[in-house]
Amino acid sequence: MRLDKFVCKSTELTKAEAHAFIEQGLVQVNHKVVTDIKSQVHQNNQVSLNQIALNLRPFRYILMHKPANTICSNLDEIYPSLFNFLEIDHKEELHIVGRLDADTTGMVLITDDGHWSFNITRPEKDCVKEYRVALSQPLAESAIERFQQGVKLQGEAELTLPAKLSFIDEKNVTLGITQGKFHQVKRMFAAVGNRVIQLHRQKIGSLKLDLEEGQWRYLTQAEIDSFKTHET
Ligand code: URA
C-alpha cells in the first residue's frame with residue numbers, strides 16, 4: 001500500500017497531516033527516511049514516525065442487514081448511506097463488498113481488507129450470493145434451465161455464468177449467482193420477460209443473515225476464514 005495510507009491506517013493523523021510528516025522526513029521505512037508519499041510499502045515493512053514504530057490497525061469484517069431505501073455508498077445521496085448505522089471509528093477506511101441497490105434489502109459485508117473482498121466478489125472464486133426474489137408475473141419452470149445455461153443481459157456480449165434458480169412458488173424464487181454485474185438479478189429476470197418487485201440477499205457463501213434490519217455485528221474468525229477457502 002502507499003506510504004501515506006500506511007501512516008493514516010496506523011495513526012489518528014489526517015491524510016494532510018500524514019503527507020506533511022512524510023515530506024518533512026519524519027517517516028522511515030526499514031530505517032531509511034522516505035519522503036515520497038506515494039512510495040509503496042508492504043504491511044510487513046518496519047515503518048516509523050519520529051522513531052516510533054507504526055503498526056497497522058487490524059482489519060475489520062462486518063455483517064449488516066441493509067434496510068430498503070439506504071445506499072451502499074460511503075456518503076449520503078438521495079437515500080442515507082448504510083454507514084450511518086455503524087457507530088465506529090475510521091469508517092472512511094471501510095468499503096462494501098458487492099453493493100446492493102437502494103431498494104434491495106439483506107446481507108451486506110463491509111471490510112477494509114481488499115484481498116478478502118476479492119474472494120467474495122470475483123466470479124472465478126465461485127462464491128455464491130443467494131437472493132430471495134418476488135416477481136410481478138408467474139415464472140415458467142423453463143427458467144431453471146435458462147439460468148443454468150446463462151442468459152444474455154441487455155447491453156452485454158457474454159451470457160451470464162450458470163445460476164441456480166429454485167422455486168418457492170410461481171412468483172417467489174431464490175437465485176444463487178457468482179457474478180455481480182450492475183443490477184444483475186433484475187436484468188436476468190428482465191431477460192426472461194419478468195420483473196423483480198422485491199429483492200433480498202439472504203446468503204453469501206455459507207454465511208446466512210441472522211440480524212434484524214439495520215443491525216450489524218463483527219464476523220467471527222471462523223466466518224472470516226470461511227471466505228478464505230475461495231483463495232487460489
Ligand atoms: N442484483 C440486482 O439487480 N440488484 C441488487 O441489489 C443486487 C443484485
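## Salt bridges

This predicted model holds 14 salt bridges. Side chains of opposite charge can pair when their charged atoms come close. Aspartate 101 sits in the loop between β6 (95–97) and β7 (105–111), while lysine 186 belongs to helix α5 (residues 184–191). The pair therefore ties together parts that lie 85 residues apart in sequence. Is aspartate 101 buried or exposed? Its relative accessibility is 17%, so aspartate 101 counts as buried. Lysine 186 has 22%, so this residue counts as partly exposed.

A second bridge links arginine 122 to glutamate 124, at 4.0 Å from N to O. Arginine 122 is partly exposed, because its relative accessibility is 37%. Glutamate 124 has a relative accessible area of 53%, so glutamate 124 is exposed. Lys9, Glu12, Arg57, Arg60, Glu93 and Asp112 form a network of salt bridges.

Lysine 228 has a relative accessibility of 32%, so lysine 228 counts as partly exposed. Aspartate 225 has 33%, and therefore counts as partly exposed.

## Helix α3 meets helix α6

Two packed helices are described by the angle between their axes and the distance between the axes. Here the axes of helix α3 (residues 114–121) and α6 come within 8 Å. They cross at roughly 65 degrees. Which residues make the contact? From α3 come Trp116, Asn119 and Ile120. From α6 come Ile224, Phe227 and Lys228. By class, the contact has four nonpolar residues, one polar and one charged.

Together with Tyr61, they form one aromatic cluster.

## Aromatic pairs

How many aromatic pairs does a search of the whole structure find? The search finds four. In one of them, the ring centres of phenylalanine 147 and phenylalanine 189 are 5.1 Å apart. The ring planes stand at 85 degrees, so this pair is edge-to-face. Phenylalanine 147 is in helix α4 (residues 142–149), and phenylalanine 189 is in helix α5. The pair links distant parts of the chain, 42 residues apart. Both phenylalanine 147 and phenylalanine 189 are buried.

Tryptophan 216 and tyrosine 218 make another pair, with ring centres 5.3 Å apart. Their planes are at 85 degrees, so the pair is edge-to-face. Tryptophan 216 is partly exposed, because its relative accessible area is 24%. Tyrosine 218 has 40%, so tyrosine 218 is partly exposed.

## Cysteines

A search of the whole structure finds zero disulfides. Cysteine 127 is in none. For cysteine 127, the nearest cysteine sulfur is that of cysteine 72, 16 Å away.

Cysteine 127 has 0% relative accessibility, so cysteine 127 counts as buried. Cysteine 8 has 15%, and therefore counts as buried.

Definitions and conventions:
Residues are numbered from 1 along each chain as its sequence is written. This is a predicted model: local features need pLDDT of at least 70, side-chain atom pairs count only at pLDDT 80 or more; totals for chains, interfaces and linings use all residues. Side-chain values use heavy atoms; hydrogens and water are left out. A disulfide is a pair of cysteine sulfur atoms within 2.5 Å. Buried means under 20% relative accessible area, exposed over 50%, partly exposed in between (1.4 Å probe, protein chains only). A salt bridge is a side-chain nitrogen of Lys or Arg within 4 Å of a carboxyl oxygen of Asp or Glu. Helices (H or I, at least four residues) and strands (E, at least two) are DSSP runs, numbered from the N terminus. Axes are lines fitted to C-alpha atoms, for helices over the stretch in contact, and angles run from 0 to 180 degrees between N-to-C directions. Contact means heavy atoms within 4.5 Å. Ala, Val, Leu, Ile, Met, Phe, Trp, Tyr, Cys and Pro count as nonpolar, Asp, Glu, Lys and Arg as charged, and the others, Gly among them, as polar. Rings of Phe, Tyr and Trp (its six-membered ring) pair if their centres lie within 6.5 Å; planes under 30 degrees apart count as stacked, over 60 as edge-to-face and the rest as tilted.
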